[in-house]
Amino acid sequence: MVQGVRIKDHWKEQRLFERRALVAGALILALTLTLIGRLYVLQVMRHDYYMELSQGNGVRTEPIPAARGLILDRNGNLLAGNQPAYQLELVPEEVPDLNASLQGLVKLGLIDADAVDELRRMIRSRRPFDSVPVRLRMSDEDVARFAVRRFEFPGLDIKTRQTRFYPEGALAVHALGYVGAISEPDLQHIDRAAYSGTALIGKLGVESAYEKQLHGGNGYREILVNALGRSVQRQGALMPDLRTHAPAAGDDLVLSLDLKVQQVAEKALGDHRGAVVALNPRNGDVFALASRPGFDPSLFARGITNSEYAALTDNIDKPLLNRALRGAYPSGSTIKPVVALAGLTYHVLNPDKVEFCAGVYHLPGSTRLFREGKGGHHGHVALQDAIAKSCDVYFYGLAATLGVNRIAAFLAPFGYGSVTGIDISGEKPGLLPTPEWKKLAFKRPADQVWFPGETINFGVGQGYLLVTPLQLAHVASVIAGRGTNFRPRLVIGLRDANGTVKPIAPIAGKTVEGVSDADWDRVINGMVGAAAYGTAHASFKGLAYSVAGKTGTAQVFTVAQNAKYDEKTVEERLRDHAWFIAFAPVEAPRIAVAVLVENGGFGASAAAPIAREVMDAFLLDADGKLKDVSQAP
Amino acid sequence: MYEEVTSGSRTRRTLTGTARMLAALKLDGALLIGLGLVAVYGLVVLYSASGQSLATIIRAGAHLGMGAVAMLLLAQVNPNFLRRSSPWLYLLGVVLLLVVDGIGYIGKGAQRWLDLGVLRFQPSEVMKLAVPMMCAWFLHDRALPPRVSSLAVLTVLIFVPVGLVALQPDLGTAALIAIAGGLVIVMAGLKVRIMAALAALGAIAGWFGWAFMHDYQKKRVLTFFDPNTDRLGAGYHIIQSQIAIGSGGVFGKGWMHGSQAQLQFLPERSTDFIFAVIGEEFGLLGLALLLLLYAFVVARALYLAMQTQDTFARLLGGSLALTFFVYVFINAGMVSGLLPVVGVPLPLVSYGGSSMVTLLAGFGILMSLYSHRKLMGS
């Protein structure tokens with residue numbers, strides 16, 4: 001057994017082993033203490049840090065979207081609300097065969113065959129445990145059709161979600177705006193945290209302008225999630241303290257709109273392209289803001305398809321264009337009362353002096369002739385008849401006497417050339433031309449000169465001057481208030497969740513100064529004459545109240561030449577735009593209206609009847625009698 | 001040994017009766033109690049760590065039972081027989097490793113298991129016992145401390161199976177096998193200066209070895225130095241386990257109340273990372289208690305090894321005792337972020353049949369070496 005020269009010494013080897021074992025024991029003790037030291041660092045010194053990390057791990061905050069505020073008209077009628085809508089949702093990981101399920105839905109007619117690819121891609125891009133909507137806004141019929149086949153579709157279920165709905169459909173869509181999916185640009189200016197859990201955001205109109213108030217404050221609830229991010233109700237005995245914070249519902253908007261007046265305005269416009277704006281001259285309330293054609297705002301809330309959107313944008317009638325705020329047209333003769341006021345205020349016009357209208361005007365120092373816009377002649381006219389009968393020759397002379405700078409300076413306080421400041425966005429300022437403006441606006445030096453003939457055209461609202469229907473309604477209300485100026489407003493109050501309405505005070509603008517009461521009377525009398533015996537008298541027979549108005553006809557110079565429009569369409573679109581502005585009752589004005597009918601031809605026949613219907617709707621009761629207005633604003 | 005049975009209380013009679021029974025079964029009572037306490041502690045933790053899975057507890061109990069049977073059987077075996085059969089066991093293990101590696105090569109994938117139809121087992125587990133046995137067998141007749149020529153032979157004996165396991169590739173187990181063999185040599189009195197030289201050599205070898213490591217292995221090492229480099233990948237384990245331990249504090253969050261473990265943020269919570277579950281739910285006190293139990297087991301095992309009478313028994317017993325501690329230290333060190341992440345289970349606590357059986361078999365051998373010590377050295 002013994003090898004080599006060395007003899008095995010058992011006693012010595014035993015001692016050697018014992019020594020090593022003791023050293024090993026000491027080493028074990030040292031290493032164990034090292035471990036304990038490490039654990040002390042983790043569990044005592046850095047305990048708070050790790051505790052926080054561990055809490056952040058298992059608890060996720062899930063937003064609870066706040067109910068969007070309602071939109072009501074001035075009488076409490078619902079214009080925009082929230083509706084639970086059925087939608088079909090799919091949880092990817094619970095669907096054994098996605099293709100088969102989608103094909104099955106196509107067969108049931110719940111989804112389009114050509115939407116399947118897109119849908120599949122969308123579903124694949126989501127987390128497998130997230131519920132993905134595959135069909136929004138299902139009808140009761142759709143729900144029933146799915147329900148009987150439910151067992152064939154594991155992982156699919158019908159969920160109820162709140163969506164926006166507009167009980168009046170397209171009515172007042174250009175005032176209300178609409179809600180649509182939150183877009184990339186939207187994300188730039190919103191607090192993303194406040195919108196987590198919300199799919200829709202206001203676009204245009206009051207839905208957009210009062211987005212902050214309508215949106216309310218999101219609530220949240222803490223939920224327990226496991227490492228896969230999946231929500232768990234309870235895991236073993238683990239029951240941490242989870243907090244819930246209720247959302248604060250958005251405020252309801254009380255609009256100045258009057259549902260009935262709005263309905264009448266839109267119905268009166270009918271199939272015409274055009275706009276109607278009705279204001280309260282005493283505080284700027286917008287009773288009606290109509291722009292036709294319109295569109296159905298719920299298209300956007302349920303997710304507009306590409307083809308639907310293309311149909312809206314490609315439509316020659318431009319239904320998405322808010323003509324009331326953004327349609328800029330020459331004012332036509334609606335400018336005459338204001339030019340007359342300018343003449344009176346600058347003392348260059350004797351209201352009682354009779355001028356002779358032979359249907360043509362010679363600009364002094366020029367060979368150029370300016371004719372009556374509609375041809376014909378008015379014979380002997382003083383100021384009142386010149387307004388009532390809309391005599392161009394009378395105003396050609398007045399404009400020449402005043403000069404462009406005085407006209408422009410006088411027009412500006414009425415709001416020409418600047419936005420009215422209505423409480424929704426997108427308003428266009430129109431254009432108030434001056435020689436200075438022309439110098440800047442044109443490149444060629446020959447074009448930068450202001451010609452005397454342009455002043456003549458300016459005096460009757462043709463040429464460079466551009467106004468929007470909202471601006472003209474505002475002008476009408478300034479005249480009605482004899483210089484008072486209120487910023488038009490759609491929202492007059494905010495109603496909180498308790499039902500308390502917080503009124504919003506009207507905002508007064510700068511009053512038009514320097515016009516004497518007598519001069520206001522003279523011009524308003526001219527406008528009364530227009531309705532009583534002048535250009536618009538046919539539309540105001542049998543009136544239960546007094547009205548002052550003015551027709552206007554804006555010349556159309558060009559039309560987009562496009563081969564796909566037939567000749568008849570082009571011919572129709574070359575017709576003049578028809579204007580009518582009015583206010584009533586004259587003694588104590590309560591409503592001021594501007595009506596524009598694109599290519600309506602003469603203002604008196606196309607626009608004035610619409611204005612009358614709107615004023616009737618506002619001022620008369622069901623029996624055709626003037627409403628008792630002692631209580632009204 | 002003569003015991004006075006007739007005198008004393010009933011309790012004492014029961015105790016002495018138990019002692020006699022244990023002696024007859026060739027088992028060591030103190031070690032058995034230590035192991036039992038660790039195992040019961042393990043089952044309690046495992047119930048929570050497995051997400052309250054009774055099935056897991058039953059299977060773990062079965063593993064424990066199998067291990068106990070292996071321990072009991074091996075305790076009866078005469079150490080001389082164990083010693084004589086060491087080379088054959090070693091050879092069998094090497095052959096099985098070759099077979100497993102061969103199957104893995106053909107199957108083009110990591111292969112550790114040998115499926116015998118009724119029973120699947122890892123030959124590398126056998127090697128955890130066979131390599132120290134082989135080393136102890138080799139040194140049994142030789143004068144200690146071993147000479148350089150013996151060391152050369154031992155190096156080959158250790159690195160053939162270690163290399164085969166590393167090829168599987170299972171670096172963790174390979175390292176454990178090398179450590180088990182190496183500890184035999186250290187306990188045999190390997191000169192300190194040779195150990196120092198080997199350590200230097202190992203450092204150089206490690207530097208070269210880096211070049212041959214798989215990417216995932218490199219990643220583990222890198223992650224050890226900075227877990228935040230790969231928060232959701234390799235670093236995820238270590239970050240989550242430190243959160244679990246750290247958030248447990250001194251007293252822990254309570255049994256089945258550890259959010260890291262219960263919500264599955266902690267990966268491999270019932271196997272390699274169960275140490276973190278204890279830390280989270282029972283706190284520093286729970287871990288200290290566990291380490292105390294382990295220290296007791298190791299101390300008792302070392303004591304038993306010291307009591308044996310021949311070289312084979314001493315060296316093998318010493319290696320088994322120290323290897324057990326190495327398992328504990330590597331696992332605890334890795335889970336608490338002191339060591340890189342290697343796949344080493346926490347002995348007797350981590351869920352897993354192979355390691356449970358191997359460990360208890362090792363203790364069975366140790367008990368055999370101790371309880372048959374009078375028969376040896378002849």
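Five strands of chain A form an open sheet in the order 12-11-21-20-19, with antiparallel pairing; strands are DSSP E runs of at least two residues and helices H or I runs of at least four, numbered from the N terminus, and two strands pair if DSSP finds at least two bridges between them. Strand 12 (286–292) and strand 19 (548–554) of chain A each have a single partner strand, so one side of each lacks a neighbour in the sheet. From one strand to the next the twist averages 5 degrees, with axes fitted to C-alpha atoms (for helices over the stretch in contact) and angles running from 0 to 180 degrees between N-to-C directions.

This is a predicted model: local features need pLDDT of at least 70, side-chain atom pairs count only at pLDDT 80 or more, and totals for chains, interfaces and linings use all residues. Residues are numbered from 1 along each chain as its sequence is written, while chains are lettered from A and ligands numbered from 1 in the order in which they are written.

Within the sheet, six bridges join the antiparallel strands 11 (274–279) and 21 (591–597) of chain A, and A:V277 stands opposite A:A594 of strand 21. Helix 21 (469–480) of chain A lies across strands 11, 20 and 21 of chain A, at about 150 degrees to strand 21.

The contact between the chains takes 40 residues from chain A and 47 residues from chain B, where residues are in contact if their C-beta atoms, placed from the backbone, lie within 7 Å. Helix 1 of chain A gives the largest share of chain A's side, 19 residues.

Terms used: Contact = placed C-beta atoms within 7 Å.
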